[in-house]
Amino acid sequence: FFWHMRGEDAGKIRIYKRTSFLDGGTKLLDTIQASESEGIWQRKSIDLYQDGANDDFEIVLEGTIGSLMKGDIAIDDITFSYQCQKAESQILPGENVPTPNPNPCNATHQFECGDDTCYSEDQLCNFVSDCSTGADEESCSSSCDFETGGQCHWIQNMEDTADWQVVDGSIGQGKDHTFGNSSGHFLLVLSHGGTQTGKVALLQSTLFSSSGPQCKIEFYYLMTSSSSKPNQLSVFVKDASSSDTIFHTQKDTDVWMLGSADVLNHKSFEIFIQASLGDSLSSIKVDDISFSNCDS
C-alpha cells in the first residue's frame, strides 16, 4: 500500500495480523513513524507470513495522531500479492458474529446482484453485465480515460520497480489525449533525471473470467527519450499456463499514437501494461484504454 503523513502531530501507522479475537491473537507486523515521511506518497510492502503461521488471518491498519490535531495520515492503493487467497470461512476464532440475513445466493455458492438475483463466479468480470445493477462488472478493470480521479480498477503491481501515476498536463508536461489540453489526465511514468533509469512500471488488471474470440484492447501512448537507450512499452496477457506478449514498441513518438492488440479468447486471465524506462530523459504516457468485442 501507499502511505502519506504530514504535520507536527502526525503519529504512526501500525500494521497488525489478526488470527483470532482471543488473547494473543493479534500480532504487530510493522510500524511506520511520522519521522520516516518524505512528504510524498511512499510505498510499503510487508511480508504477511513473516511469523511462519499459515492460519487464516485479517489485516488491521491503525493510525495514531496526537491531541493537537495538527497531523494527517493517509493510505491508498492497498493490494495483496496473488499468493494471498480468500479464506473459505470469513469468521475468526472468538469473533462475535451477528446473525446474517438469509441470502438465497449462498445456497448456490453465488454472489448477490443487489436486485434479488444472483451471479456465478464465471459471470464475474466477463465483459457482460449479467446483473441489471452491473454488480458483476463494477469492480473489474474497464475502459478508462483517467478523468474520474482513479484508475478504473487497474492496479499498480507491487512487484515492479517504478510507479504509474495519474497526472494532468501541468505535471506531465503536455496535453492528454482525451481532451487534448493540459487539464486532462493520463498515466505517466518518468525516469526522474536518471533515478529510475532501466526500471519497470507494471499496471495490472483485475482477473477476468473470460473473453470472446474478437476481444481487443486499444489505448493511446506517447514515449520520449534521448537516443542512448530507448523506452519499451508492452502489453501481455497472462493466464494459469502462459504469458503472451500482444503488443510491443520501443519507438519514440512526438504525438499520441494508437496502440491496438488482440486479446482474443481466454479464461481466467489478467492483462499487464508494462513500461520499461530507457535513459535519464525518459517518459512514457498512456491514456484512453478501451476494450471492444470482448463479451463471450
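Modeller: This is a predicted model. Let me start with Asn181, which is in contact with Gly174, Lys175 and Asp176, leaving aside neighbours within four places in sequence.

Colleague: What makes these count as contacts of Asn181?

Modeller: The cut-off is heavy atoms within 4.5 Å. Gly174, Lys175 and Asp176 are in contact with Asn181 by that rule. The side chain of Asn181 also reaches the backbone nitrogen of Gly184, at 3.0 Å. A polar contact needs N or O atoms within 3.5 Å.

Colleague: Where is Asn181 found?

Modeller: In the loop between helix H1 (169–172) and strand S11 (185–190).

Colleague: Why is Asn181 called partly exposed?

Modeller: Its relative accessibility is 28%. Buried means under 20% and exposed means over 50%. The value falls in between, so Asn181 counts as partly exposed.

Colleague: What separates Asn181 from Lys267?

Modeller: Their C-alpha atoms are separated by 38 Å, and they are 86 residues apart along the chain.

Colleague: Now Val237. Why is Val237 called buried?

Modeller: Its relative accessible area is 1%. The limit for buried is under 20%, so Val237 is buried. Val237 lies in strand S15 (residues 232–238).

Colleague: Which residues does Val237 touch?

Modeller: Not counting residues up to four places away in sequence, they include Ser242, Ile246, Val263, His266, Phe269 and Ile271. His266 is 29 residues from Val237 along the chain, and their C-alpha atoms are separated by 8.8 Å.

Colleague: Ile271 is on that list. What does Ile271 itself touch?

Modeller: Among its contacts beyond four places in sequence are Trp154, Leu203, Phe208, Ile217, Val235, Val237 and Phe291. Ile271 is also one of the residues with the most contacts inside the largest nonpolar core, as are Trp154, Trp164, Leu233 and Ile289.

Colleague: What makes a set of residues a nonpolar core?

Modeller: The residues must be buried, of nonpolar kinds such as Val, Leu, Ile or Trp, and joined through side-chain atoms within 4.5 Å. The largest such core here has 34 residues. S11, strand S12 (200–204), strand S14 (216–224), S15, strand S18 (267–276) and strand S19 (283–292) each supply at least two of its residues. A second, separate core has ten residues, including Trp3, Met5, Ile13 and Ile15.

Colleague: How many salt bridges does a search of the whole structure find?

Modeller: Six. One of them joins the side chains of Glu62 and Arg14.

Colleague: How do you know that Glu62 and Arg14 meet in a salt bridge?

Modeller: The N to O distance is 3.1 Å. The rule asks for a Lys or Arg side-chain nitrogen within 4 Å of an Asp or Glu carboxyl oxygen, so the pair qualifies. Glu62 lies in strand S5 (residues 58–65) and Arg14 in strand S2 (residues 10–18), so the pair ties together parts 48 residues apart in sequence.

Colleague: What makes Arg43, Asp160 and Asp163 one network?

Modeller: Shared partners. Arg43 forms a salt bridge with Asp160, with the closest N and O atoms 3.0 Å apart. Arg43 lies in strand S4 (residues 42–43), and Asp160 in the loop between strand S9 (155–156) and strand S10 (165–168), 117 residues apart. The side chains of Arg43 and Asp163 also meet in a salt bridge, at 3.3 Å, N to O. Asp163 lies in the loop between S9 and S10, so this pair ties together parts 120 residues apart in sequence.

Colleague: Which residues form a nonpolar patch on the surface?

Modeller: Leu61, Ile75, Ile78 and Phe80, with about 350 Å² of accessible area together.

Definitions and conventions: Residues numbered from 1 in each chain as written. Predicted model: local features only at pLDDT ≥ 70, side-chain atom pairs only at ≥ 80, totals over all residues. Heavy atoms only, no water. Helix = DSSP H or I, 4+ residues; strand = E, 2+ residues; numbered from the N terminus. Buried < 20%, exposed > 50% of the residue type's maximum accessible area, 1.4 Å probe, protein only. Polar contact = N/O pair within 3.5 Å; in protein donor to acceptor, adjacent residues only side chain to side chain. Patch = residues over 30% accessible without salt bridge, like charges linked within 9 Å, V, L, I, M, F, W, Y side chains within 5 Å. Areas by Shrake-Rupley, 256 points an atom, 1.4 Å probe, with all protein chains shown as cover.
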